[in-house]
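Look over the sequence and the fold before reading on.

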Amino acid sequence: MNGWKKFNWLGWLAFGVLLMSWELGARATPKLQLYFPPVSQILAALGQALVTGPVAQHFGVTLGRFVAGYLLSAALAVTLGVMLGYVGFLHSLCETVIELLRPMPSVAIIPVAILLLGIGDSMIVAVTVYASVWPILVNTIDGVRRVEPTLIDTGRTFGLKRRQILRRIILPSAAPYIVTGLRIGLSIALILVTTAEMVAGSKGLGFFILDEERAMNSATMYAGVVLVALMGYLLNRLFLLVEARALHWRHGMMTRQEV
C-alpha cells in the first residue's frame, strides 16, 4: 500500500500524454517524420536493434565504462574529501586548485585526454572520472567540515582516538552530504561517457547514436537515446534503493523528529 501511494501516477500520466502528443503530432505532419519519427516507430526500431542489431553490445560497453569511471571517481573523491575536510591545512593547500578546475566544462578535457591516453576505453574512463569527481569531492569536504565541533569534543572526552572519531562521528554525520554528491556524480558520469563516445569512440551508445544520425536513421538514433535515458533512470532508481538501505537509520531518525 505504501508503494502504491509513493508511485508518481500524475508524473507518469503527464509523460504518457507527452508521448501520445508526440505520436499524433508526428503522424499528422509526415514531412517532420525524418526528424521526429512517431514514438511507435522508435519503439519498433529499438526492439529490432536489440534483437538483430549490435545495440546490446554498445549498451554493455557504455555500462562497463560508466561503472568503472563512476566507482573510481567515488573512491577517489570520498577519500580525498574526507582528508581535506578533516585536515584544515590540506584543505587550505588544495582549495585554490579545486576552485580553479571545478568550474571548467568537463568536455574541454577530452582533447587533453586524447593527447595523453589516445582513443580507447582508458581515455573515456579517465574523462568520466575527472567530470564526476568534483561534485562528490566538494560535497564530501562540505559534509566533513559541517560536523558539529561539539560532537568531536564529546568523542575526545570519552577517549576516542582520531580514527574512531572519524569512523563513528564524522563519517555518519557527513553521510547525507556524501550521498548527495554521489547522486549528482551519477548523472554526470553517464553524460560524459556518452559524450566522449560521440567525440572519440568507436563503440558504445554515444557512438551508436551519432553513427545512426549520420546515416539518417532517425528512428534508430532515437532508440539509442531512449536506451541512454532508460539506463540513467534505472541507475538512479538503483542508487535511491541502495541509499534507502544504507541510510535507513537517518530516515528513521527524521521520522521520529517529525512526529
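Is Trp12 buried, partly exposed or exposed? Trp12 is partly exposed, and its relative accessible area is 41%. Buried means under 20% relative accessible area, exposed over 50%, and partly exposed in between (1.4 Å probe, protein chains only).

This is a predicted model, where local features need pLDDT of at least 70, side-chain atom pairs count only at pLDDT 80 or more, and totals for chains, interfaces and linings use all residues. Residues are numbered from 1 along each chain as its sequence is written, and side-chain values use heavy atoms, with hydrogens and water left out.

**Confidence**

- The chain has a mean pLDDT of 86, and 93% of its residues reach 70 or more. The pLDDT is the predictor's confidence in each residue, from 0 to 100.
- Over residues 252-259 the pLDDT falls below 50. Beyond near neighbours in sequence, this stretch has zero contacts in the model. Contact means heavy atoms within 4.5 Å.

**Nonpolar core**

- The largest nonpolar core holds 56 residues. Such a core is a set of buried Ala, Val, Leu, Ile, Met, Phe, Trp, Tyr and Cys residues joined through side-chain atoms within 4.5 Å.
- The residues with the most contacts inside this core are Phe66, Tyr70, Val127, Leu137, Ile165, Ile170 and Leu182.
- At least two core residues come from each of H3 (39-52), H4 (55-86), H6 (110-117), H7 (121-145), H9 (162-200), H10 (205-214) and H11 (218-246). Helices (H or I, at least four residues) are DSSP runs, numbered from the N terminus, as are strands (E, at least two).
- H9 gives the most to this core, with 15 residues.
- Leaving aside neighbours within four places in sequence, Ile165 touches Tyr86, Ile152, Gly155, Arg156, Leu160 and Ile170.

**Helix H11**

- H11 has 29 residues, which should span 42 Å at 1.5 Å a residue. The end C-alpha atoms of H11 are 42 Å apart, which agrees. The expected span is 1.5 Å times one less than the number of residues.
- The buried residues of H11 are Ser218, Ala219, Met221, Tyr222, Ala223, Gly224, Leu227, Val228, Met231, Leu235 and Phe239.
- What covers these buried residues includes H2, H3, H4, H9 and H10.

**Aromatic pairs**

- The whole structure has six aromatic pairs. Rings of Phe, Tyr and Trp (its six-membered ring) pair if their centres lie within 6.5 Å; planes under 30 degrees apart count as stacked, over 60 as edge-to-face and the rest as tilted.
- Trp12 and Tyr233 form an edge-to-face pair, 6.0 Å centre to centre with 90° between the planes. Trp12 lies in helix H2 (residues 9-28) and Tyr233 in helix H11, so the pair ties together parts that are 221 residues apart in sequence.
- Tyr233 is partly exposed, at 39% relative accessibility.
- Trp22 and Phe36 have ring centres 6.5 Å apart and planes at 75°, so this pair is edge-to-face. Trp22 lies in helix H2 and Phe36 in the loop between H2 and H3, so the pair ties together parts 14 residues apart in sequence.
- Trp22 is partly exposed at 29%, and Phe36 is partly exposed at 45%.
- Ring pairs also link Trp12, Phe15 and Tyr233 into a cluster.

**Salt bridges**

- The whole structure has five salt bridges. A salt bridge is a side-chain nitrogen of Lys or Arg within 4 Å of a carboxyl oxygen of Asp or Glu.
- Asp121 and Arg65 meet in a salt bridge at 2.6 Å, N to O. Asp121 lies in helix H7 and Arg65 in helix H4, so the pair ties together parts that are 56 residues apart in sequence.
- Asp121 is partly exposed at 40%, whereas Arg65 is buried at 5%.
- Asp142 and Arg146 meet in a salt bridge at 3.0 Å, N to O. Asp142 is partly exposed at 31%, whereas Arg146 is exposed at 52%.
- Salt bridges that share partners join Arg65, Asp121 and Glu197 into one network.

**Backbone**

- Met216 is not a glycine, yet has a positive phi of about 65°. Most residues other than glycine have a negative phi.
- Met216 sits in the loop between H10 and H11. Met216 is partly exposed, at 48% relative accessibility.
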